[in-house]
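Let's take a look at the aromatic rings and the pockets of this one. Have the model open as you read.

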Amino acid sequence: LIIAAPMAPAIVLVPFAPALLAEWGARTTLIGCLLGQAVVLLLFTSLPSFSAPSIFFTYAFVLRLALGSFNALIDVAAGALILRAAPLDSVSTVISMLESVRAVGTLASPPIGGWLYVIGGFSVPFMFGGALCTLACLLLLHPRARETIDSQCESSSSSTSVAQLLKIGRV
């Protein structure tokens with residue numbers, strides 16, 4: 001149940017993602033959700049302090065729900081930014097690259113997390129993940145990154161991108 005918990009909020013939240021992106025924009029949504037995910041990852045470091053199994057399970061379950069919520073919106077916002085910058089004739093290539101990177105991350109995360117656990121204990125993998133999310137936010141907030149992403153989006157030859165479709169309020 002704890003392992004599958006992140007999928008439930010994804011099913012509930014993703015249908016509302018277009019309205020959220022239309023209101024806040026993909027970049028702001030991405031930054032906010034990355035920061036939220038960093039906080040949740042840091043909250044995982046307090047799990048060992050709960051000795052009662054019911055409290056431990058409940059806390060872990062709630063954190064996994066929150067992680068799933070942020071992760072679902074991160075996927076949509078990042079995908080919208082990436083697809084907005086891609087020319088229409090290369091969208092399939094871009095999606096293939098995105099999924100390949102996701103697969104590498106999914107395969108590499110357990111051994112890296114295990115290695116971090118061996119080096120520093122239970123909290124280190126979560127602190128490392130939180131630090132990576134925070135670093136991603138800082139990179140997205142950097143003025144040069146904003147200019148690069150914006151110019152790439154403007155120079156895209158696609159007339160209709162998934163990001164533009166996501167920004168449609170009501171269908």
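Phe122 is partly exposed, with a relative accessible area of 31%. Keep in mind that this is a predicted model. The ring of Phe122 pairs with that of Phe126: their centres sit 5.2 Å apart and their planes are at 50 degrees, so the pair is tilted.

Phe57 and Phe61 are four residues apart in helix 4 (residues 53-85), which means about one helical turn separates them. Phe57 is partly exposed at 37% relative accessible area, and Phe61 counts as partly exposed too, at 25%.

Now for the pockets.

| Pocket | Volume | Lining by class |
|---|---|---|
| Largest | about 1900 Å³ | 30 nonpolar, eight polar, three charged residues |

Which residues lie nearest the centre of the largest pocket? They are Gln37, Asn71, Gly105, Thr106 and Ser109, out of 41 lining residues. Helix 5 (91-120) provides the largest share of that lining, 13 residues. Helix 3 (26-44), helix 4, helix 6 (123-141) and helix 7 (143-155) each supply at least two.

For the second largest pocket, helix 4 gives the most, with six residues, and helix 1 (7-13) supplies at least two. Its lining includes Gln37, Arg64, Asn71 and Asp75.

How values were computed: Residues are numbered from 1 along each chain as its sequence is written. This is a predicted model: local features need pLDDT of at least 70, side-chain atom pairs count only at pLDDT 80 or more; totals for chains, interfaces and linings use all residues. Side-chain values use heavy atoms; hydrogens and water are left out. Buried means under 20% relative accessible area, exposed over 50%, partly exposed in between (1.4 Å probe, protein chains only). Rings of Phe, Tyr and Trp (its six-membered ring) pair if their centres lie within 6.5 Å; planes under 30 degrees apart count as stacked, over 60 as edge-to-face and the rest as tilted. On a 1 Å grid over the protein atoms alone, a cavity is a set of points where a 1.4 Å probe fits but cannot get out, and a pocket is an open set with protein on both sides within 12 Å along at least five of seven lines; lining residues have an atom within 4 Å of a point. Grid points are joined across faces, edges and corners, and a volume is the space filled by probe spheres set on the points. Ala, Val, Leu, Ile, Met, Phe, Trp, Tyr, Cys and Pro count as nonpolar, Asp, Glu, Lys and Arg as charged, and the others, Gly among them, as polar.
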